[in-house]
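My entries follow in the order I made them.

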Amino acid sequence: MARLTAYERRKFRVRNRIKRTGRLRLSVFRSLKHIYAQIIDDEKGHTLVAESSLALKLKGNKTEVARQVGRALAEKALALGIKQVAFDRGPYKYHGRVKALAEGAREGGLEF
């Protein structure tokens, strides 16, 4: 078995802690240009809601775009009756765009 990188160790540590809660998981992926978020049911292995800055074709500051993606994701989730999730930041620090997406999702009505 290959050694895990620090990136992979952080990702697994955060995800395993979250999966024990039994809640739906709001997972975040951040690339250099865009940010993606999805709500996943780990028991069934299905993505219930997904949103990204690429799909919304938003312009402007990347941090502000991340906040708008969070709000849009929360609106879709509330329409499906999803109110509580666990925030999965993956290997990223809770800072900058990741934090802005979380705050946008909270503003939209999600609880975590």
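This is a predicted model: local features need pLDDT of at least 70, side-chain atom pairs count only at pLDDT 80 or more; totals for chains, interfaces and linings use all residues.

Entry 1. H4 covers residues 97-108, and its 12 residues reach 16 Å from first C-alpha to last, close to the 16 Å expected. Gly-109 follows H4 with a positive phi, near 120 degrees.

Entry 2. I turned to H3. On this helix I found Val-65, Ala-66, Val-69, Gly-70, Ala-72, Leu-73, Ala-74 and Ala-77 buried. The buried residues of H3 pack against S1, S2, strand S3 (46-52), helix H2 (53-56) and H4. H3 has 18 residues and reaches 26 Å between its end C-alphas, close to the expected 26 Å.

Entry 3. I checked both ends of H3. At the start, a side-chain oxygen of Asn-61 comes to within 3.0 Å of the backbone nitrogen of Thr-63. Just after H3, Gly-81 has a positive phi of about 85 degrees.

Entry 4. I went on to Asp-88, which lies in strand S4 (residues 85-88). Is Asp-88 buried or exposed? I count Asp-88 as buried because its relative accessible area is 0%, and the cut-off is under 20%. Its side chain makes a polar contact with the side chain of Arg-15 at 2.5 Å. The Asp-88 side chain also reaches the backbone nitrogen of Gly-90, at 2.9 Å. Beyond four places in sequence, I noted contacts of Asp-88 with residues including Val-14, Ile-18, Arg-25 and Leu-26.

Note on methods. Residues are numbered from 1 along each chain as its sequence is written. Side-chain values use heavy atoms; hydrogens and water are left out. Helices (H or I, at least four residues) and strands (E, at least two) are DSSP runs, numbered from the N terminus. Buried means under 20% relative accessible area, exposed over 50%, partly exposed in between (1.4 Å probe, protein chains only). A polar contact is a pair of N or O atoms within 3.5 Å; within protein, one must be able to donate a hydrogen and the other to accept it, and residues adjacent in sequence count only if both atoms are side-chain atoms. Contact means heavy atoms within 4.5 Å. The expected span of a helix is 1.5 Å times one less than its number of residues.
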